[in-house]
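Please read it alongside the model.

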Amino acid sequence: MNSNSLVSIDDISRDEILDLIERARFFEEHPDQKILDGKVVATLFFEPSTRTRLSFETAVNRLGGRVIGFSDASTTSSSKGETLKDTIKMVSNYVDLIIMRHYLEGAARYATEVTDVPVINAGDGANQHPSQTMLDLYSISKTQGKLNDLTITMVGDLKYGRTVHSLLMALRYFNPTFHFVACDELKMPKEYKDFCDANGLKYYEHTEFSQDVINASDILYMTRVQRERFTDIMEYEKVKNLYNLHASMLADAKPNLRVLHPLPRVNEIAQDVDDDPKAYYFEQARNGLYARQAIICKALGIDIYKEAKV
Ligand code: CP
C-alpha cells in the first residue's frame, strides 16, 4: 500500500486538511503550473460522474500531466470478467497515480492493497468521497472565513449520501453543530451518529425541513435522493420529493448562510435559488478543481511551493 493514497477522509489529520485547503487556495491563485511533467494519471470510473472525473482530469491537464482511463467500465475487460484486482495491477504498470470511482463500498481500500501506486478514492458506493469533502471544506472556509463553530444542516439522502458521511467525519476537528433533516428511510446511519457521540459532536435529527432549522444554519448542505442505491424503485418513489428548497425559504436566513450541494441535483433545489446570492453550489464545484490539484500533488509527493513558478 502506498501511504500517499487518499481512501477515507478519516485517514488524514486536521493539520493535513488545513494544509490541503491552503494548497487549494494556492492553486486558485495559480492554476496553471506545469509540475506534473512526465506523470501519467489513470481515471478509472466504474460509476457515472461529471464533476469528479472532469475536474480531476482538468487538474492533471492544468498541471501538465497526462490522463488515461475510462468513464464507462462496459468498454473495458471488466465486462469480460476481469477482476478489480487484475485491472488495478494492470493499470499500475502504466501510471503514477490511480483515481478510482467504484460502486462497491471498500473498493478503493481494496485497490490500495493490491498496488504500490497511490490511489485516490473518487467515491466508493455509499461510503466515502474524500476529494468532495476537501472541496466542501474549502468552500465552507472561503464563504464563512472559518471552519470552527458552524451550524451545518444536512438535508435529504443521509443514508446513502457518501458526501455527507465524509464531510461529517472531517468536521469532527472543527466543533460543528449538525442538523440532520431526513425521512426515517433515509436518516443518518447509526454508525455516523455513533461517530458524533464518540467525538462529542452535537447533532439534532428532524423529519421536517423547517424554517427554524434553515434560519439557524450557516451551511445548508442539500443532497439528492440516490435512486441508484435503491433495490426497490417503489421505495425511491415514496421518498424522492420530500425535501425541496425554494428561494422564498431563504428570506430570513442568516446573511452568511450558503447553500451547498455536491451535485448533480434533481429536484431538491428549485431553479429560483440559483439567482440567490446564498446559492454557492456552482462555485463549490469550481473549487473542486483547485482542491483536486492539491490532492493530486500530495498523492504524488510533489512540494508545490518548491516546484511551482509564481
Ligand atoms: N459531486 C459529484 O461527485 O459529482 P459527480 O457524480 O458528477 O462526479
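1. Helix H5 meets helix H10 through Ser 131, Gln 132, Met 134, Leu 135, Asp 136, Tyr 138, Ser 139 and Lys 142 on the H5 side, and through Gln 284, Asn 287, Gly 288, Tyr 290, Ala 291, Arg 292 and Ile 295 on the H10 side. Contact means heavy atoms within 4.5 Å. By class, this contact divides into six nonpolar, six polar and three charged residues; Ala, Val, Leu, Ile, Met, Phe, Trp, Tyr, Cys and Pro count as nonpolar, Asp, Glu, Lys and Arg as charged, and the others, Gly among them, as polar.

2. This is a predicted model, in which local features need pLDDT of at least 70 and side-chain atom pairs count only at pLDDT 80 or more, while totals for chains, interfaces and linings use all residues. Residues are numbered from 1 along each chain as its sequence is written, and side-chain values use heavy atoms, with hydrogens and water left out. Helices (H or I, at least four residues) and strands (E, at least two) are DSSP runs numbered from the N terminus.

3. H5 (residues 130-144) packs against H10 at an angle of about 115°, and the axes are 8 Å apart. Axes are lines fitted to C-alpha atoms, for helices over the stretch in contact, and angles run from 0 to 180 degrees between N-to-C directions.

4. H2 passes H10 in a right-handed crossing. On the H2 side the contact includes Arg 51, Phe 56 and Arg 62, and on the H10 side it includes Gly 288, Leu 289 and Arg 292. Six nonpolar, five polar and three charged residues make up the contact of H2 with H10.

5. The open sheet has four strands in the order S2-S1-S3-S4, with parallel pairing; two strands pair if DSSP finds at least two bridges between them. S2 (66-70) and S4 (119-124) are the edge strands, each with a single partner, so one side of each has no neighbour in the sheet. The twist averages 15° from one strand to the next.

6. Five bridges join S1 (residues 40-45) to S2. Among them, Ala 42 is partnered with Ile 68 and Leu 44 with Phe 70. Five of the six residues of S1 are buried, where buried means under 20% relative accessible area, exposed over 50% and partly exposed in between (1.4 Å probe, protein chains only). Helix H3 (residues 84-92) lies across S1 and S3 (97-102), at about 155° to S3.

7. In helix H6 (residues 162-170), nine of nine residues are buried, His 165 and Arg 162 among them.

8. Tyr 305 sits in helix H11 (residues 304-307) and is partly exposed, at a relative accessible area of 44%. Not counting residues up to four places away in sequence, Tyr 305 touches Glu 22, Arg 23 and Phe 26.

Terms used
A crossing is left-handed if the near helix is turned anticlockwise from the far one by less than a right angle, and right-handed if clockwise.
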